[in-house]
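I opened this notebook to look up the pockets and the nonpolar core of one structure. The entries below follow the order in which I looked.

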Amino acid sequence: MKIALQEQLLKQRGNSPTFLEWVVVIYVLGFIWEETMEISREGMRCYLRNMWNFIDFTRNSLYVGTTLLRVAAYVQQCREISKDPATAYIPREQWDDFDPQLVAEGLFAAANVFRWDIQCFVILAQTGAWSSW
């Protein structure tokens with residue numbers, strides 16, 4: 001078992017999505033559903049008048065882009081590994097700068113910045129701390 005764990009830790013490419021990644025996909029689908037319901041309730045014109053919705057749309061687009069790039073990375077890496085099994089053990093430091101998995105992780109980080117930016121603003125506005133700035 002210890003050898004299998006060490007083998008898994010060495011393999012950095014071609015790993016299938018983890019349980020946590022599937023949870024994040026469901027989480028993102030919840031955001032998209034929320035925005036879709038808001039559009040159906042308020043109408044597209046009213047939805048587009050609220051500038052916060054542009055931030056929500058950007059956040060959701062980044063999350064969807066992350067998912068698509070992660071799928072593309074998995075497919076690409078599986079093809080590479082099927083041709084040469086040694087490519088599964090290439091350290092991250094030696095990956096191409098624009099490897100889809102690395103770009104997906106960057107998009108995910110940017111989407112989280114948008115998400116928490118909104119949360120911080122709401123908390124500051126509710127506590128009255130925003131007006132003291």
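How much space lies in the second largest pocket? The model I am working from is a predicted one, and in it I find about 160 Å³ of space in that second largest pocket.

I then listed its lining, which consists of Glu34, Glu35, Glu38, Asn50, Trp52, Asn53, Asp56, Arg59, Arg115 and Ile118. Helix 2, helix 4 and helix 5 each give two or more residues to this lining, and the largest share, four residues, comes from helix 4. When I sorted the lining of the second largest pocket by residue class, I noted six charged residues, two polar and two nonpolar.

Next I turned to the largest pocket, for which I noted a volume of about 570 Å³. It is lined by 22 residues, and the closest to its centre are Pro17, Thr18, Glu21, Trp22 and Arg70. The elements that give two or more residues to this lining are helix 2 (19-42), helix 4 (52-83) and helix 5 (100-127). By class, I recorded 11 nonpolar, eight polar and three charged residues in the lining of the largest pocket.

Which residues make up the largest nonpolar core? I found five, namely Val28, Phe31, Leu62, Tyr63 and Ala111, and the elements that give two or more residues to this core are helix 2 and helix 4.

How values were computed: Residues are numbered from 1 along each chain as its sequence is written. This is a predicted model: local features need pLDDT of at least 70, side-chain atom pairs count only at pLDDT 80 or more; totals for chains, interfaces and linings use all residues. Side-chain values use heavy atoms; hydrogens and water are left out. On a 1 Å grid over the protein atoms alone, a cavity is a set of points where a 1.4 Å probe fits but cannot get out, and a pocket is an open set with protein on both sides within 12 Å along at least five of seven lines; lining residues have an atom within 4 Å of a point. Grid points are joined across faces, edges and corners, and a volume is the space filled by probe spheres set on the points. Ala, Val, Leu, Ile, Met, Phe, Trp, Tyr, Cys and Pro count as nonpolar, Asp, Glu, Lys and Arg as charged, and the others, Gly among them, as polar. A nonpolar core is a set of buried Ala, Val, Leu, Ile, Met, Phe, Trp, Tyr and Cys residues joined through side-chain atoms within 4.5 Å. Buried means under 20% relative accessible area, exposed over 50%, partly exposed in between (1.4 Å probe, protein chains only).
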